[in-house]
Amino acid sequence: MCPLLPAAAAAVAAPRTPLLSLRLLRSGLAAMSTGGPLKSVDYEVFGRVQGVCFRMYTEGEAKKIGVVGWVKNTNKGTVTGQVQGPEEKVNSMKSWLSKVGSPSSRIDRTDFSNEKTISKLEYSNFSIRY
């Protein structure tokens, strides 16, 4: 379990979303209102990324940026997942996954694959998978 300091807990807490905004997000309309295309990309992060709260921080950052998708540990010691949202927000998340991570992590490299334009979001939020 990842220990949380009060400030860290607040930083990764999901903001409350009004029902109308949640419905727009689920339909993909909120993301499309930015004027840019919706993107989807798969990722795998290599380095010291397990046992360092990487998934929890990834979920918090994704919610802060405003992208949807998922993250999970793999049995080979990496972290994998998918991010979807407006192109500029997906690009921000890609940068975070490549350079920042959790405070105790060490990112050696991040591979991105299956990047494509999508017509609507396939997820309604960002979640940790097990």
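**Entry: ground rules**

I note that this is a predicted model, in which local features need pLDDT of at least 70 and side-chain atom pairs count only at pLDDT 80 or more, while totals for chains, interfaces and linings use all residues. Residues are numbered from 1 along each chain as its sequence is written, and side-chain values use heavy atoms, with hydrogens and water left out.

**Entry: confidence**

I read a mean pLDDT of 84 for the protein chain, with 73% of its residues reaching 70 or more; pLDDT is the predictor's confidence in each residue, on a scale from 0 to 100. Over residues 22-33 I found the pLDDT below 50, although this stretch has 19 contacts in the model beyond near neighbours in sequence, a contact being heavy atoms within 4.5 Å.

**Entry: the sheet**

I traced an open sheet of 5 strands in the order E4-E1-E3-E2-E5, with mixed pairing. Helices (H or I, at least four residues) and strands (E, at least two) are DSSP runs numbered from the N terminus, and two strands pair if DSSP finds at least two bridges between them. The edges are E4 and strand E5 (126-128), each of which pairs on one side only, and the twist from one strand to the next averages 15°. Angles here run from 0 to 180 degrees between N-to-C directions, with axes as lines fitted to C-alpha atoms, for helices over the stretch in contact.

I then followed E1 and E4, which pair in the antiparallel sense over 10 bridges; arginine 48 has arginine 106 in E4 as its bridge partner. Helix H4 packs on the sheet and touches E1, strand E2 (68-73), strand E3 (79-86), E4 and E5, its direction making about 175° with that of E5. Helix H5 (residues 87-99) also packs on the sheet, where it touches E1, E3 and E4, and its direction makes about 160° with that of E4.

**Entry: salt bridges**

I have 6 salt bridges for the structure, each defined as a side-chain nitrogen of Lys or Arg within 4 Å of a carboxyl oxygen of Asp or Glu. In one of them lysine 63 meets glutamate 59, with the closest N and O atoms 3.4 Å apart. Both residues belong to helix H4 (residues 54-65), and because they are 4 residues apart there, about one helical turn separates them. Lysine 63 is partly exposed, at a relative accessible area of 27%.

Glutamate 61, the residue of my opening question, forms a salt bridge with lysine 64 at 3.4 Å, N to O. This pair also lies in helix H4, 3 residues apart, about one turn of the helix.

**Entry: aspartate 111**

I located aspartate 111 in strand E4, where it forms a salt bridge with arginine 109, the closest N and O atoms being 3.2 Å apart. Arginine 109 is partly exposed at a relative accessible area of 43%, and aspartate 111 is likewise partly exposed, at 33%. Not counting residues up to four places away in sequence, aspartate 111 touches Asp42, Tyr43, Glu44 and Phe46. The C-alpha atoms of aspartate 111 and tyrosine 43 are separated by 5.6 Å, although the two residues are 68 residues apart along the chain.

**Entry: serine 40**

I placed serine 40 in strand E1 and found it buried, at 1% relative accessibility. Leaving aside neighbours within four places in sequence, its contacts include Gln84, Asn114 and Glu115.

**Entry: positive phi**

I checked two residues other than glycine with positive phi. Cysteine 53, with phi near 65°, sits in the loop between strand E1 (38-48) and H4 and is buried, with a relative accessible area of 14%. Asparagine 114, with phi near 55°, lies in strand E4 (residues 106-118) and is exposed, with a relative accessible area of 53%.

How values were computed. Buried means under 20% relative accessible area, exposed over 50%, partly exposed in between (1.4 Å probe, protein chains only).
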